[in-house]
Amino acid sequence: MTASTQAETFVPVGEARAPTVLPALTPGWARELALVFRALADPTRVQIVSLLLGAGESGLCVCDIVTNFPLGQPTISHHLKVLKDAGLVTSWKKGLWVHYAINGERLARLGIALPTPRQPLMPSASCEPTEGVCRSCRQ
C-alpha cells in the first residue's frame, strides 16, 4: 500500500465511518447460485462439464463419458443427475442410451466459463498405442 492509500483507508479511533453497503443477492438468486456451486463442488463433475463443453451441442453418450473416468457407470450417472438437477446439463434418449450436453444458456446466464479439454482425461479401455500415441484418444 502506498502512503496515500493508507491515509485514505485509515480511520482514527473514535471517528465513525458509514459502512459501504453493496447490493445483496436476492434470496432466489442466492439459492440458484448455491445449487450450482454445490453441483460444481466435486472435481469429477467439473471434469464432466469440461468434457461436455468440448463435445459441443451434439453432446456425448453416457457410455462415452464413462470411458473418460476411472469410475463405474452408476457413479457417473449420479454425477450427471446432480449436474442435470442444477440445470447445467440437458439429456435426451437415443435408442437405449442417454446423451448429455451442456446447457449453454444456463452457463451464460450464470457467467460460468470453463476450459474445454484438449484430450481425453484418461485413455479409453480400447486404447491402442501406435508409435507411443493412441490412434483413438491421441495419448
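1. Threonine 44 sits in helix α3. Helices here are DSSP runs of H or I with at least four residues, strands are runs of E with at least two, and both are numbered from the N terminus. Is threonine 44 buried or exposed? Its relative accessibility is 16%, so threonine 44 counts as buried. Buried means under 20% relative accessible area, exposed means over 50%, and partly exposed lies in between (1.4 Å probe, protein chains only). Setting aside neighbours within four places in sequence, threonine 44 is in contact with Phe69, Leu71, Ile76 and His79. Contact means heavy atoms within 4.5 Å.

2. A word on the source. This is a predicted model, in which local features need pLDDT of at least 70, side-chain atom pairs count only at pLDDT 80 or more, and totals for chains, interfaces and linings use all residues. Residues are numbered from 1 along each chain as its sequence is written, and side-chain values use heavy atoms, with hydrogens and water left out.

3. Now the confidence. pLDDT is the predictor's confidence in each residue, from 0 to 100. The protein has a mean pLDDT of 78, and 67% of its residues reach 70 or more. Which element has the highest mean pLDDT? Helix α5 (residues 73–85) does, at 96, while strand β5 (residues 133–134) has the lowest, at 44. Residues 119–123 have pLDDT below 50; this stretch makes 17 contacts in the model beyond near neighbours in sequence. Residues 129–139 are also below 50, with 22 such contacts.

4. Next, the overall layout. The protein has six helices and five strands. From the N terminus, the order is α-α-α-β-α-α-β-β-α-β-β. Of the 139 residues, 27% are buried. Among contacts with a separation of 6 or more, 53% join residues 24 or more positions apart.

5. Look at the sheet. It is open, has three strands in the order β1-β3-β2, and pairs them antiparallel. β1 (60–61) and β2 (89–94) each have a single partner strand, so one side of each lacks a neighbour in the sheet. Two strands count as paired if DSSP finds at least two bridges between them. β2 and β3 (residues 97–102) run antiparallel and are joined by six bridges. Tryptophan 92 stands opposite histidine 99 in β3. Lysine 93 stands opposite valine 98 in β3.

6. β2 and β3 also form a hairpin, with two residues between them. Glycine 95 lies in the turn and has a positive phi of about 65 degrees.

7. Finally, the core. What is a nonpolar core? It is a set of buried Ala, Val, Leu, Ile, Met, Phe, Trp, Tyr and Cys residues joined through side-chain atoms within 4.5 Å. The largest one holds 23 residues; Ile48, Leu52, Ile65, Leu80, Leu83 and Leu88 touch the most other members. At least two residues come from each of α2 (27–39), α3, α4 (62–66), α5, β3 and α6 (104–110). Helix α3 gives the most, with four.
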